[in-house]
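Reader: Please go through the helices and sheets of this model. I would like each label set against its definition.

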Amino acid sequence: MKIASTFNQSDFQIHHVQTATIQNIVWVDSTANTVKPANLLIRDGKKIEVVSVETAPLKNFPVIDGKGYIACPAWWDLASTLPDPNNPSSGNVEAELKLAEEGGFAQVTVWPTSSYPLDTPAEVRLLQQTAKNSALMVTPIVALTRGLAGERPSDFAALKKEGCFITTQSSVPMTDLRVQARCLEYAATHHLKVFFQSIESSLAVGGYMHEGEVSDILGIPGIPVMAETIAVMRDLELAKHAEVQPHISQISCERTLNLLHSYGSENISADVSIFHLCFTEQQLINFDSRFRVTPPLRTESDRLALIAAVRDGQLAISSGHQPRATTSKMAPFANTASGAATFDVFLALGCELIRRGELSWPQWVKATSALPRKILNNYTKSEETTYLALDDFCLIDPDAQWDKLPEFLQSLGGDSGITGFRGKVKARVRLIPLS
Amino acid sequence: MSVESIQTRVERDTSQFYSDGRLKHFLTIEGISGQKLTELLDLAQSFLVVEHRAIKKVPLLRGKTLVNLFFEPSTRTRTTFELAAKRLSADVLTIQSQDSSTRKGESLLDMLRNLEAMAVDLFVVRHAQSGAAHFIAQHVTPNVAVVNAGDGRHAHPTQALLDMFTIRHFKGDFIPLRVAIVGDIMHSRVARSQVQALLALGVQDIRLIAPKTLLPRTRWHPNVSHEWELQHGLKDVDVVIALRLQNERMQAGLLPSPEEYRALYGLTNDSIKVLKKDAIIMHPGPINRGVEMDSDIADGARSVILDQVHFGIAVRMAILSKLMEGSDREAAKL
């Protein structure tokens, strides 16, 4: 049980109370597409009720002035990678989950990797055990094929007993499409949802960034847009054949959006990472390996198309969190690791999009909370009834100064070209355990 | 609500200059003005006389230590840098990839730190990865200069500068020239730097000639055209620069065979008939004779290929001395 808040302990002793009223917050309702003043009634440290500002506070309990704060459901993430719990040198799972918690996430979806493929009940249990002290809900996505080796399906029946309900081959290529089709059929047998990160490896191999203007200037081999579009077509056809429900994760370009439209979007969901909404290939013009991600950052017209799709409610926003050791980024560009840690900067980047006028608060909340819940079959209509579990709730001060900016945001000042980050990042979320 | 493009273009790194505009590193031609390039060419011109002296040395870099850090094979570039530094009286250390501790797993950054601990003043770097020289320049101690001697497909600015020196030597004014670059443009660091230098010096007509598989994906500048047909591209050209065709290109499915490439894009007595009468033919080397050009052309009257090598020493002397001048002034401020 926790409350998400920017409040300092001295501002509001909220973490000591089980029942309280927070007055004059701004409530973001993604269903009604509204942002309106409201009061919050917290009862028994469990549920929050959103009521009109005229509603009287709960008698005999603390009343807190929440003026200037935005209230909304917490984020549900669809695409994150965590360090291998078996290998402490790859990072610390608990530390990553703490970052997510502090960043406003209520849930994270953990993808399999080659080193930690989440293909056995033991691996799933180890992840759950490692995450047990976190207030977050951790949803493991299990490997479609054992070890992500592309040879035979994982033991889905055993994995389902552990509560797993999603599978993916991640971006690890399968050389034999017939095997992939069979693995998907086996996943369908167990009613698993399938997440795809669609990249045609033979077109992406040897590439390090988007193939286009900047790769031409830098002389860095590129990854063409068709590496994604061809793979999306392939994956959608395979999903149709196998009768599995596909989710296309972390799309990067306008042409993929066009493809999804042409297939009809009723049973196909998709997400885009926060990086792809905020940045383009231009960030790489000085060989900045912090922006080397998979799929690569594309063009400004792609970014604008992705933004438009989020605004239209077609795309969820995922973190794309993929933490990397600092040393893995300290090399010539092509020798660096692909991936970026985004849990801590997720909200700040979102606030930047809202400040720019590219997204509204309801659009942000729909894409980060309502849509992911639907995709994860966990939509409870809570937004519509205006009741929220306390675990699933955020209070945001969009103008709050960070005590200390994450290193990534600090370094985006100066010549980054992102004017909004020149010391103006003001949003943060802190989750305080409710005793 | 309509969404307008807000994402601004990120400025190119200007770390190769000190705040007063003097050269700090020499990493790319991009961002260097025509005037500054001309100053470097003029300085190189003044160094040409050194080789005619009884003692081929000047004391400009006396007491300075230069490390040639070559992670890729090189003959001309490495040796001309070594000669240039020695003629400037620098102490020179050359480390080639087979001697490099990075082969034992040491990171490039750790290797750099160790070499810096030996009070090195200047690194000349060749590396297979684009951006490697930028990476090193970002991490060296202040006042240690870095020269890019070729990084991946990105840039080879000293080669481009010596090519400009050669063109100026034979042709004088750049502005009226028509220049053709023939061959594997897409994978060529030399071509990228040459085009940047030619544009900075005012050339209005630059033609990149190759099959589509070897041309850049985007057009670099309005004055730079793409040509698929050799004869059309070479017509009335003043300067032709042929590029080396690597065998890997055939293996990657970009071309069917060296024979077909020669037939379509090789410089032969027949194919160069459309050039201007006084056109010069250049090549950064090494040449695949019988592929990108026939021996008759490489050794013919129009070829200035050995002049390029010759001028390379003076041009590299100019760059090294200019960098040390900037570094010394900066150190004096401390």
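Reader: Which residues of helix 7 of chain A are buried, and what makes them so?

Author: They are A:Ala227, A:Glu228, A:Thr229, A:Ala231, A:Val232, A:Asp235, A:Leu238 and A:Ala239. A residue is called buried if 20 or more other C-beta atoms lie within 10 Å of its own, exposed if 12 or fewer, and partly exposed in between, with C-beta atoms placed from the backbone. This is a predicted model, in which local features need pLDDT of at least 70 and side-chain atom pairs count only at pLDDT 80 or more, while totals for chains, interfaces and linings use all residues. Residues are numbered from 1 along each chain as its sequence is written, and chains are lettered from A and ligands numbered from 1 in the order in which they are written.

Reader: How do you know that the span of helix 7 of chain A agrees with its 17 residues?

Author: Helices are DSSP runs (H or I, at least four residues), as are strands (E, at least two), numbered from the N terminus. The expected span is 1.5 Å times one less than the number of residues. For residues 226-242 of chain A that gives 24 Å, and the end C-alpha atoms are 24 Å apart, so the two agree. A:Glu243, whose phi is positive, near 60°, follows helix 7 of chain A.

Reader: Which residues of helix 1 of chain B are buried, and why are they placed on the same side?

Author: B:Leu37, B:Leu40, B:Leu41, B:Ala44 and B:Phe47 are buried. Because they cover an arc of only 110° around the axis, they lie on the same side of helix 1 of chain B; the arc is that of the directions from the helix axis to the C-beta atoms. On the other side, B:Gln35 and B:Asp42 are exposed.

Reader: What do the buried residues of helix 1 of chain B pack against?

Author: They pack against helix 5 (157-171), helix 6 (189-200) and helix 11 (305-333) of chain B. Contact requires C-beta atoms, placed from the backbone, within 7 Å.

Reader: What makes strand 7 and strand 9 of chain B edge strands?

Author: The open sheet has 5 strands in the order 7-6-5-8-9 (chain B), with parallel pairing. Strand 7 (224-227) and strand 9 (280-282) of chain B each pair on one side only. Two strands pair if DSSP finds at least two bridges between them. Strand 6 (residues 205-209) of chain B is joined to strand 7 of chain B by 4 bridges, so this pair meets the criterion. B:Ile206 has B:Val224 in strand 7 of chain B as its bridge partner.

Terms used: Two residues are in contact if their C-beta atoms, placed from the backbone, lie within 7 Å.
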